[in-house]
Amino acid sequence: MDEVSSFIMPEKTGASVVFPATIEITRSEELLRKMKNDGFKGIGMIHIFMAAYARVLSQYPGLNRFIRGQRLYARNGIEFCMVMKKELKLNAPETVLKLFLKPEDTLESVYHQLKELIAENHAEGDQNSMDSFARLLIHLPRGFLKFAVWLLKFFDYFNLLPRSLTKLSPFHGSMFVTNMGSLGAPAVQHHLYDFGNLPMFVSMGTRRTEYVLNKDGETEKRRLIDFTFMCDERICDGHYYTTAFKKLRRLIENPEELLKPPEMVVEDIR
């Protein structure tokens with residue numbers, strides 16, 4: 001079925017499964033406050049999530065697979081795509097950042113790499129290399145643009161796009177993540193792109209407080225955040241997804257584990 005599923009469901013829009021999740025972040029917020037006091041300016045839940053997901057991929061690399069041309073591939077690296085607005089203004093320009101991580105990365109290394117990437121993109125002005133390529137395409141006549149996009153899709157189907165393009169492309173990577181909470185909005189259910197090889201689109205919502213009764217009948221305050229995971233069901237089965245997401249939950253609820261590298265890295269079987 002794994003080999004046949006991509007022929008039955010050739011497009012990701014027809015093979016998408018939604019995993020909603022609500023995760024307690026009480027200890028994550030405590031760690032973030034401590035790290036901010038220690039000089040990690042601007043560190044937030046997006047850093048903890050990226051570090052936690054990279055750690056999950058180090059143990060469950062099947063989540064990092066992708067399908068091209070009805071064939072299943074194992075990805076060699078960890079690539080996060082995310083949108084960055086140059087300013088928090090309605091009409092401010094925005095661009096897509098690509099963060100390249102390793103399975104051995106810790107929360108501190110993720111923080112420093114993302115901070116450096118954001119600084120580089122601010123320094124580049126109103127466009128980076130990805131924006132420049134997109135601007136080149138939109139200046140083509142519509143007929144040529146349509147042919148150019150068809151050509152890109154043709155080479156992408158056979159997994160023949162040059163690495164120089166896929167490193168720029170927001171449609172190629174391990175995951176696209178959007179932090180809707182930074183805008184004061186809830187987690188959305190975002191579709192997967194049929195073009196490219198992204199197997200996962202994750203939306204983070206706002207942090208919120210909830211009061212619940214514990215087993216002793218006492219009221220407890222909990223800090224929570226909602227996630228929505230849009231997944232390509234063809235890359236691994238439901239048991240694998242569920243086991244990996246349980247690991248992700250444990251890491252976010254106990255983020256101290258992210259301060260040290262994993263004891264071992266599991267290689268994908270493919």
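**Chain ends, a helix and its salt bridges**

Met1 sits in the segment before α1 (2-8), where helices (H or I, at least four residues) and strands (E, at least two) are DSSP runs numbered from the N terminus. The model is a predicted one, in which local features need pLDDT of at least 70 and side-chain atom pairs count only at pLDDT 80 or more, while totals for chains, interfaces and linings use all residues. Residues are numbered from 1 along each chain as its sequence is written, and side-chain values use heavy atoms, with hydrogens and water left out.

Met1 comes out as exposed, at 73% relative accessibility; on this scale, buried means under 20% relative accessible area, exposed over 50%, and partly exposed in between (1.4 Å probe, protein chains only). Met1 and Arg234 are 233 residues apart in sequence, yet their C-alpha atoms are 9.3 Å apart in space.

Next up is helix α6, which covers residues 142-157. The expected span here is 1.5 Å times one less than the number of residues in the helix. Just after α6, Asn159 takes a positive phi of about 60 degrees. Leu151 is found in α6 and counts as partly exposed, with 31% relative accessibility. Leu151 also belongs to a nonpolar surface patch of about 790 Å², along with Phe147, Trp150, Phe154, Phe155, Tyr157, Phe158 and Leu160. Patches are made of residues with over 30% relative accessible area and no salt bridge, with like charges joined within 9 Å and nonpolar side chains (Val, Leu, Ile, Met, Phe, Trp, Tyr) within 5 Å. The accessible areas come from the Shrake-Rupley method with a 1.4 Å probe, and for residues only the protein chains shown count as cover.

On to charges. Side chains of opposite charge can pair when their charged atoms come close. A search of the whole structure turns up 13 salt bridges, each being a side-chain nitrogen of Lys or Arg within 4 Å of a carboxyl oxygen of Asp or Glu. One of them joins Lys98 and Glu79, at 3.2 Å from N to O. Lys98 lies in strand β5 (residues 94-101) and Glu79 in strand β4, so this pair ties together parts that are 19 residues apart in sequence. Lys98 is buried, at 7% relative accessible area, and Glu79 is buried too, at 6%.

Strand β4 itself runs over residues 78-85. Leaving aside residues up to four places away in sequence, Glu79 touches Lys98, Leu99, Phe100, Arg163, Thr166, His172, Gly173, Ser174 and Met175, with contact taken as heavy atoms within 4.5 Å.

Arg208 and Asp226 meet in another salt bridge, at 3.0 Å from N to O. This pair links distant parts of the chain, with Arg208 in strand β7 (residues 200-213) and Asp226 in strand β8 (residues 219-232), 18 residues apart. Arg208 is partly exposed at 28% relative accessibility, and Asp226 is partly exposed at 23%. Asp38 bridges to Lys34, with the closest N and O atoms 3.3 Å apart; Asp38 is partly exposed, at 48%. Finally, Glu29, Arg207 and Arg223 are linked in a network of salt bridges.
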